[in-house]
Amino acid sequence: MRKTLAIIIFLPLLGCKAPATMPESRNHIVSTDRDTQELYLNNAPGKKMILDVDMCTDVDDVCAVRIATAFDDEGIIDLQGVAFSVVGENNLEALRGFLLYEGKPDVLIGKSSVDNIPDTSPYWELMQEYSDGEVNAYDAVKMYRKILAESDTPVDIVTTGYVTNLEMLLKSERDEYSALTGIELVEAKCGQLYIVGGSYPEGRDNNFFFAEEARTAIDHVSRYWPYPILFFTNDVGGKLRCGAQLQALDKRKNDIVTRSLIAFGTETGRHAWDPFGVWAGGLALGEATKLGTKRINVEINPETGYNKFTNAPNGQHFMVYRLSDDDNYYNTMMDSWLIKKAKL
Ligand SMILES: [Ca+2]
C-alpha cells in the first residue's frame, strides 16, 4: 500500500522455543533458552504465524496473503490469524471472502485496533462476493492475545501495513486470554517479528508515515519490542514484481488474486514489497531466499514518520539484503506460490 508515496519505487534454527505450557499465573515469563539479541529464524514445519496487513489501496498485500495460505497448505507455516491495520466498511467481509476462497475458514480475522486511513479499496467488493457473511472478527489486539496465549510454540508475525496493532498489543493489559501484560506475552510467546517497511538508509515509507498513528506506532514498536526486528525495506521487495506470471497464465482472469490485481489497475503484476516479506519470513530466510542480514539501528521521527537506518555492528535490529541480482529468480519463486493455489 504505497500508492500515495512514489518511493520506488543464516542462520540455522537456534534451537530455542517457548516453554511447552505457559503457567498463566506467573507474572513475567521469558523464554530463557532464546538469545534475546539475535534473530529467531524458525524453519520448523508448521510454525505458527500471524499476518498484519493493510490490504486496501495497494494490491501487493493480496499477493502476500496468497503466499501465506499457500505456505499453510504446504505445512511450511500454520497461519493463525490475519489482522487489518486499517478500517473500512467491508474490509472484514472482504478478508473473510478471500480466506474462504483460499480454503482457510478457521483463520482468525482481526479488526484494526486503531481507526487508520485509508478506508477504501478497489478490490474489497469483489472479495466480499466470496464471503459467507460469517465474519466473527476479533479486535486485532484480542486476536493477538488469544493466539499468543493459546500457543505452545513461538508465533512469528509479519506486518505489511502499519504497526499500530503491535503498539496496542505491547501496551495491552491482562485480560480473559492471559494474565500476562502485552509485553510479557510477546516475550513469552512471539517468535520473529518481520516488518515490511522503511526506506534504506533513510526516507519516508508509507507504512511508517501515511497514517498519523502509524508514525508513533513504528517509533514505539522499534524502541520497545523485546527482540530484534527484521525489516524488509522498500528498496528490496519494491524492485521485484509479484503477480505478473500469474496474470500471464490466468487468461480467463478468473482467480481472486488476478481479479484483485485487475481491480487495482494492473495487468502485469505489482511491486513485491509485501509478498517478499511473507515469502522470506515464511521460509525464515532459508537458503532458497538468497538473502543476507545485517544489524542496524533504527531512528523514527514520530512527528513525520521519517526513518533512518544506520549500520551498526551492535545494532538493536536487523534488515535484509539480497545475495543475488537476478530479479527473475525472486519473481519466479514468489509467483510460483501464487500460481500453485490459483483457480485458473
Ligand atoms: Ca501493505
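What follows is a friendly chat about a predicted model of one protein chain.

Trainee: Hi! Before we start, what kind of model is this?

Mentor: Hi! This is a predicted model, so please keep that in mind as we go through it.

Trainee: Okay. How many helices and strands does the protein chain have?

Mentor: The protein chain has 13 helices and 13 strands. Its radius of gyration is 18 Å, close to the 20 Å that the globule rule gives for 344 residues, so the chain is as compact as a globular protein of that length.

Trainee: And what box do the C-alpha atoms fill?

Mentor: Along the principal axes, the box is roughly 55 × 45 × 40 Å. As for burial, 54% of the 344 residues are buried.

Trainee: Let's talk about the sheet. In what order do the strands sit?

Mentor: An open sheet is formed by 11 strands, in the order S4-S3-S2-S1-S5-S6-S8-S13-S11-S12-S7, and the pairing is mixed.

Trainee: Which strands stand at the edges?

Mentor: Those are S4 (138-139) and S7 (202-203). Each has a single partner strand, so one side of each is left without a neighbour in the sheet.

Trainee: Can we zoom in on a pair? How many bridges join S1 to S2?

Mentor: Seven bridges join S1 (residues 47-53) to S2, and the two run parallel. For example, valine 53 has phenylalanine 84 in S2 as its bridge partner.

Trainee: Is S2 mostly covered or mostly open?

Mentor: Mostly covered, as seven of the eight residues in S2 are buried.

Trainee: And S3? Which residues are on each side?

Mentor: In S3 (residues 108-111), Leu108 and Gly110 are on one side, while Ile109 and Lys111 are on the other. They are all buried, and both faces of the strand are covered.

Trainee: Nice. In what sense do S5 and S6 pair?

Mentor: S5 (residues 155-159) and S6 (residues 190-196) pair in the parallel sense, over four bridges. Threonine 159 stands opposite isoleucine 195 in S6.

Trainee: Now the helices. Which strands does H1 lie across?

Mentor: H1 lies across S1 and S2, and runs at about 150° to S2.

Trainee: Which strands does H12 lie across?

Mentor: H12 lies across several strands, including S1, S2, S5 and S6, and runs at about 155° to S6. S8 (229-232), S11 (291-300) and S13 (317-322) are also on that list.

Trainee: At what angle do H1 and H13 pack?

Mentor: H1 (residues 60-74) and H13 (residues 327-340) pack at about 70°, with their axes 9 Å apart. The two helices are therefore roughly perpendicular to each other.

Trainee: Which residues meet there?

Mentor: From H1, Cys63, Arg66, Ile67 and Ala70 meet Met334, Trp337, Leu338 and Lys340 of H13. That contact of H1 with H13 has six nonpolar, no polar and two charged residues.

Trainee: And how do H12 and H13 pack?

Mentor: H12 (residues 273-282) and H13 pack at an angle of about 85°, with axes 10 Å apart. They are therefore roughly perpendicular to each other. Pro275, Phe276 and Trp279 of H12 make the contact with Met333, Met334 and Trp337 of H13. By class, this contact has six nonpolar, no polar and no charged residues.

Trainee: Switching to H2: how many of its residues are buried?

Mentor: Nine of the 11 residues in H2 (residues 91-101) are buried, among them Leu92, Glu93, Arg96 and Phe98. What covers the buried residues of H2 includes H1, S2, S3, H3 (124-128) and H11. Just after H2, glycine 103 takes a positive phi of about 80°.

Trainee: Last one: is threonine 268 buried or exposed?

Mentor: Threonine 268 is exposed, with 11 other C-beta atoms within 10 Å. The residue's place is in the loop between H11 (256-264) and S10 (270-271).

Trainee: Which residues is threonine 268 in contact with?

Mentor: Leaving aside neighbours within four places in sequence, threonine 268 is in contact with Ala244 and Gln247. The C-alpha atoms of threonine 268 and alanine 244 are separated by 4.5 Å, although the two residues are 24 residues apart along the chain.

Key:
Residues are numbered from 1 along each chain as its sequence is written. This is a predicted model: local features need pLDDT of at least 70, side-chain atom pairs count only at pLDDT 80 or more; totals for chains, interfaces and linings use all residues. The radius of gyration is taken over C-alpha atoms; the globule rule is 2.2 Å times the number of residues to the power 0.38. A residue is buried if 20 or more other C-beta atoms lie within 10 Å of its own, exposed if 12 or fewer, and partly exposed in between; C-beta atoms are placed from the backbone. Axes are lines fitted to C-alpha atoms, for helices over the stretch in contact, and angles run from 0 to 180 degrees between N-to-C directions. Angles under 35 degrees count as roughly parallel, over 145 as roughly antiparallel, 65 to 115 as roughly perpendicular and the rest as oblique. Two residues are in contact if their C-beta atoms, placed from the backbone, lie within 7 Å. Ala, Val, Leu, Ile, Met, Phe, Trp, Tyr, Cys and Pro count as nonpolar, Asp, Glu, Lys and Arg as charged, and the others, Gly among them, as polar. Two strands pair if DSSP finds at least two bridges between them.
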